[in-house]
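Please take a look at the structure below.

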Amino acid sequence: MIEGIDPAKVPRHVGCVMDGNGRWAEQFGLPRTEGHAAGEQALLDTVYGALDLGISWLTVYAFSTENWRRPSDEVRFLMNFNRGLLRRRRDELNDLGVRIRFIGRRNWRVPRSVLREMDSAEALTKENTTLTLTMAFNYGGRAEIVDAVRDIVAQGYRPSQVNDSVISAHLYQPEMPDPDLVIRTSGEYRISNFLLWQLAYSELVFVDEYWPDFRREHLFEAVKLYQGRSRRYGGVKEQRSR
Ligand code: IPE
Ligand code: IPE
Ligand code: MG
């Protein structure tokens, strides 16, 4: 185990808002898209770090429902880039025992060629059990809640039947546990519509590195901070048993 990390208190589910690709590129006078390309290494290294730690669920924010507002060249690049990333990396991830899944709106704007690649990565890796890598793609926390409410209404639930568990059960991946730890890179202190329902009690860690510079060591540091936190869920600090 990694020095300073308690193996008994490793978070089960870690989320990453992979931010700062554009600024990383701009500091070298490169086009923003070079930053997205450089983020691939960071993602792979983070997956290896999660495997080193025995984390079971890793969810990464790859494209938001608001990212369509970007210039069309950048949006097109991101669609092609993510399709390419899945094609390039799915065998390596499969060999590592990673199960690839997606959350987000599939039936809205995503090109068919990207959907095909997503389906094939999911199908190839569906039996894997070491780590579930969920890519939030064309994902928005509000859109997810809207989609859940639409389903619930369509299924004819009565108001008194709707509760937390019903809403959780209608999210994109109902079996995904809530994240214990969410890391955002690039020195921005906001959520930007990531997993709004699920992160009610997540621990948040903000790091200054731009995403392309993020490596497993930064993940380890974030886990150490997480392990120093006291999670109370609205209650009081756990008492030591006598
Ligand atoms: C994150 O990096 C990647 C995506 C949102 C797709 P950005 O592209 O947001 O980079 P900055 O935040 O503008 O530097
Ligand atoms: C969040 O980053 C979305 C992803 C990392 C995919 P953004 O760069 O889109 O968020 P804002 O615009 O800074 O809030
Ligand atoms: Mg950004």
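## Ligand 2 and its polar contacts

In this predicted model, an N or O atom in the side chain of Ser 192 sits 2.6 Å from an oxygen atom of ligand 2. Arg 190 also reaches the ligand: a polar side-chain atom lies 2.8 Å from an oxygen atom of ligand 2. For Arg 184, the corresponding distance from a polar side-chain atom to a ligand oxygen is 3.4 Å. Taken alone, ligand 2 exposes 390 Å², and the protein buries 78% of that.

Which residues are around ligand 2? Ser 192, Arg 190 and Arg 184 are among them. The list also has Val 17, Met 18, Asp 19, Tyr 61, Ala 62, Phe 63, Asn 67 and Arg 70.

## Tyr 61

Tyr 61 is one of the residues around ligand 2. It belongs to strand S2, residues 57-64. Is Tyr 61 buried or exposed? Its relative accessible area is 8%. That is under the 20% cut-off, so Tyr 61 counts as buried.

Two backbone oxygens lie within reach of the Tyr 61 side chain. The one of Tyr 139 is 3.0 Å from a polar atom of that side chain. The side chain also reaches the backbone oxygen of Asn 193, at 3.3 Å. Leaving aside neighbours within four places in sequence, Tyr 61 is in contact with residues including Cys 16, Val 17, Met 18, Ala 136, Ile 191 and Ser 192. Val 114 is 53 residues from Tyr 61 in sequence, and the two C-alpha atoms are 16 Å apart.

## The sheet

Strand S2 is part of an open sheet of six strands. The order is S3-S4-S2-S1-S5-S6, and the pairing is parallel. Strand S3 (98-103) and strand S6 (203-206) are the edge strands, each pairing on one side only. From one strand to the next, the twist averages 20°.

Strand S1 (residues 13-17) pairs with strand S5 (residues 181-184) over four bridges, in the parallel sense. Gly 15 stands opposite Val 182 in S5. S5 and S6 also pair in the parallel sense, over four bridges. There Val 182 stands opposite Leu 204 in S6.

Helix H7 (residues 216-227) lies across S1, S5 and S6. It runs at about 135° to S5.

Which residues of S6 are on its covered face, and which on its uncovered one? Glu 203 and Val 205 make up the covered face. Leu 204 and Phe 206 make up the uncovered face.

How values were computed: Residues are numbered from 1 along each chain as its sequence is written. Chains are lettered from A and ligands numbered from 1 in the order in which they are written. This is a predicted model: local features need pLDDT of at least 70, side-chain atom pairs count only at pLDDT 80 or more; totals for chains, interfaces and linings use all residues. Side-chain values use heavy atoms; hydrogens and water are left out. Two strands pair if DSSP finds at least two bridges between them. Helices (H or I, at least four residues) and strands (E, at least two) are DSSP runs, numbered from the N terminus. Axes are lines fitted to C-alpha atoms, for helices over the stretch in contact, and angles run from 0 to 180 degrees between N-to-C directions. Contact means heavy atoms within 4.5 Å. Buried means under 20% relative accessible area, exposed over 50%, partly exposed in between (1.4 Å probe, protein chains only). A residue is near a molecule or strand if one of its heavy atoms lies within 4 Å of it. A polar contact is a pair of N or O atoms within 3.5 Å; within protein, one must be able to donate a hydrogen and the other to accept it, and residues adjacent in sequence count only if both atoms are side-chain atoms. Accessible areas come from the Shrake-Rupley method with a 1.4 Å probe; for residues, only the protein chains shown count as cover.
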